[in-house]
Amino acid sequence: MASRPSLKSKPKGKGGKKGAAADEDATAAATTVRLVKEWTTWTMKKAKVVAHYGFIPLVIVIGMNSEPKPSVFQLLSPV
């Protein structure tokens, strides 16, 4: 099976921060990335449910508010 690319940042060889300060920045960045991914996933799941169950009622409400005012039977009949 092919290896997957890593999204983790790789430490630089020379220069930059050393020691505990670099570890704290790395963990803070990793935590931020993880929280953004979780929030995005949660939001997309909720948006999918809203779009799935809300589309037909939205179409009916828009149809009821249009001119000329149709009855509910006229909106729901296929003819």
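The following paragraphs lead the reader through the structure, from its overall make-up to individual residues.

The model is predicted, so local features require a pLDDT of at least 70 and side-chain atom pairs count only at pLDDT 80 or more, while totals for chains, interfaces and linings use all residues. Residues are numbered from 1 along each chain as its sequence is written, and side-chain values use heavy atoms, with hydrogens and water left out.

The protein contains two helices and zero strands. Helices (H or I, at least four residues) and strands (E, at least two) are DSSP runs, numbered from the N terminus. Helix α1 covers residues 20–64, and a loop lies between α1 and α2 (72–76). Pro68 belongs to this loop, and the peptide bond that leads from Glu67 to Pro68 is cis, with omega near -10°.

The surface may be considered next. The accessible surface of the protein is about 7,800 Å², and 68% of it belongs to carbon and sulfur atoms. Such areas come from the Shrake-Rupley method with a 1.4 Å probe; for residues, only the protein chains shown count as cover. Of the 79 residues, 3% count as buried. Here buried means under 20% relative accessible area, exposed means over 50%, and partly exposed lies in between (1.4 Å probe, protein chains only).

Helix α1 includes Phe55, which is exposed because its relative accessible area is 52%. Together with Ile56 and Val59, Phe55 makes a nonpolar surface patch of about 300 Å². Patches consist of residues with over 30% relative accessible area and no salt bridge; like charges are joined within 9 Å, and nonpolar side chains (Val, Leu, Ile, Met, Phe, Trp, Tyr) within 5 Å.

The structure holds one salt bridge, a term for a side-chain nitrogen of Lys or Arg within 4 Å of a carboxyl oxygen of Asp or Glu. Its partners are Arg34 and Glu38, whose closest N and O atoms are 3.1 Å apart. Both residues lie in helix α1, separated by four residues, about one turn of the helix. Arg34 counts as partly exposed because its relative accessibility is 42%, and Glu38 is likewise partly exposed, at 45%.

Thr32 is also found in helix α1. The side chain of Thr32 reaches the backbone oxygen of Ala28 at 2.8 Å. With a relative accessibility of 46%, Thr32 counts as partly exposed.

How values were computed:
Polar contact = N/O pair within 3.5 Å; in protein donor to acceptor, adjacent residues only side chain to side chain.
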